[in-house]
Amino acid sequence: MIKKSMRKLFTFILASAMTLSLAACNSSGSNNQPSPTTAPTTAPTAAELEGTIQIAGSTSVQPLSEELAKVFMGKNAKVKINVAGGGSGAGIKAATEGTADIGASSRELKSEEKVVKEFVIAMDGIAIVVHKDNKVSDLKKEDIMKIFSGEITDWSELGGDAGKIQVVIREEGSGTRGAFEELVMGEAKAISTATVQNSTGAVRTAVSQDKNAIGYISLGSLNSDVKAVKVDGVEATEANVKANTYKISRPFVYMTQKDPSGATKAFIDFIMSAEGQAIVQESGFITVK
């Protein structure tokens, strides 16, 4: 009897030991399983922009380019943007030949010049300006052509005080001049006695200092030093340029030799963004978006 009891106890102890051993093995095995990988919660950041961007061309576009470049460089410390003038002709040539990353033009490109990538970044009206004390405040577009070609020579012919009209124009290659000649002059040539100035600011200053002078400048460069006359009864304003009722207007065009990339692409993308277009508007030009 005692022997049977001892055998049962031994069998129970052995079974218990085997059960505990198996559980320990299973536990050890589960600890050797690899832990699942947790997916990253944030995407990797884009590579920091760096490089140098060379911009050359229109002196009308230049102040806007400089302001846009200033803000962009403030956001991208490793990007350097150099902005130079030279006129629209120089900008188109620089883009075509690849001597600048971006060429700037303040007129539409001619068919033979359309071998580059074009980006219209803003619009601008061309204001016809006279001395602020000039009594004439409205001119027909046809009469403007006659003034600049020398067919009309005295303000008295236009309802103003008697005085010989002094015409002030831009230099050859100027985008403002090219746009004015295309939009106003047609086949007519500027009078040979016209005073030639090499920048928008110089035209404005010359007109402000001569009560009989007349010239043309970028609408975005208009200030109280001179007076902008109406053209065919329409004021030179942003609203009228957008409405296409003020006919002496033009695009501001950036050009690249090929599809832009890197910092150049990022800069153009910035200009076309809401923030970039806000800068266009704050600078006195007309947005395209």
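Reader: Thanks! What makes Asp-232 buried, partly exposed or exposed?

Author: Happy to start there, with the reminder that this is a predicted model. Asp-232 has a relative accessible area of 48%. Buried means under 20% and exposed means over 50%, with partly exposed in between, so Asp-232 is called partly exposed.

Reader: Where is Asp-232 found?

Author: Asp-232 sits in the loop between S10 and helix H7 (238-242). Its phi is near 55°, a positive value in a residue other than glycine.

Reader: Which residues is Asp-232 in contact with, leaving aside its neighbours within four places in sequence?

Author: Those residues are Asp-138, Leu-139, Lys-140 and Lys-141. Take Lys-140: in sequence, Asp-232 and Lys-140 are 92 residues apart, while their C-alpha atoms are 4.7 Å apart in space.

Reader: What about Asn-244: is it buried, partly exposed or exposed?

Author: Asn-244 has a relative accessible area of 48%, so it is partly exposed. This residue is in the loop between H7 and strand S11 (249-256). Asn-244 is not a glycine, yet its phi is positive, about 65°.

Reader: And why is Lys-146 called buried?

Author: The relative accessible area of Lys-146 is 19%. Buried means under 20%, so Lys-146 counts as buried. Lys-146 belongs to helix H4, and it touches Glu-151 and Ile-152 when residues up to four places away in sequence are not counted.

Reader: Which are the buried residues of H4?

Author: In H4, the buried residues are Asp-143, Ile-144, Lys-146, Ile-147 and Phe-148. They pack against S4, strand S5 (138-139), S6, H5, S8 and strand S10 (230-231). After H4 comes Gly-150, with a positive phi near 95°.

Reader: Which residues have the most contacts inside the largest nonpolar core?

Author: Ile-128, Ile-144, Ile-147, Phe-148 and Ile-214 do, in a core of 39 residues. At least two residues of this core come from each of strand S4 (117-131), helix H4 (141-149), strand S6 (166-170), H5, helix H6 (200-208) and strand S8 (213-218). The largest share, five residues, is supplied by S4. Apart from this core lies another, of 25 residues, with Val-61, Ile-268, Met-272 and Val-280 among them.

Reader: What does Phe-148 touch, not counting residues up to four places away in sequence?

Author: Among the residues Phe-148 touches are Val-167, Ile-169, Phe-180, Met-185, Ala-190, Ile-214 and Tyr-216. Phe-148 also turns up in the lining of the largest cavity.

Reader: What makes a space a cavity, and how many of 30 Å³ or more are there?

Author: A cavity is a space where a 1.4 Å probe fits but cannot get out. Searching the whole structure finds one of 30 Å³ or more. The largest cavity holds about 40 Å³ of space.

Reader: Which residues line the largest cavity?

Author: Its lining is made of Phe-148, Ile-169, Arg-177, Phe-180, Glu-181, Met-185, Ala-190 and Tyr-216. Helix H5 (residues 175-185) gives the largest share, four residues. By class, this lining has six nonpolar, no polar and two charged residues.

Reader: How do you know where the largest pocket lies?

Author: Domain 1 (51-123 + 250-283) and domain 2 (125-249) both contribute residues to the lining of the largest pocket, so this pocket lies between them. About 250 Å³ of space is in the largest pocket.

Reader: What lines the largest pocket?

Author: The lining has 13 residues, and Arg-107, Lys-110, Ser-174, Gly-178 and Glu-181 lie nearest the centre of the pocket. H5 gives the largest share of this lining, four residues. By class, there are one nonpolar, four polar and eight charged residues.

Reader: To finish, how many helices and strands are in the chain?

Author: The chain has nine helices and 11 strands. Of its 289 residues, 40% are buried. Among contacts in the chain with a separation of 6 or more, 75% are between residues 24 or more positions apart.

Terms used
Residues numbered from 1 in each chain as written. Predicted model: local features only at pLDDT ≥ 70, side-chain atom pairs only at ≥ 80, totals over all residues. Heavy atoms only, no water. 1 Å grid on protein atoms, 1.4 Å probe; cavity = no way out; pocket = protein on both sides within 12 Å on 5 of 7 lines; lining within 4 Å. Points joined across faces, edges and corners; volume = space filled by probe spheres on them. Nonpolar A, V, L, I, M, F, W, Y, C, P; charged D, E, K, R; others polar. Core = buried A, V, L, I, M, F, W, Y, C linked by side-chain atoms within 4.5 Å. Buried < 20%, exposed > 50% of the residue type's maximum accessible area, 1.4 Å probe, protein only. Contact = heavy atoms within 4.5 Å. Domains from an automatic or database assignment.
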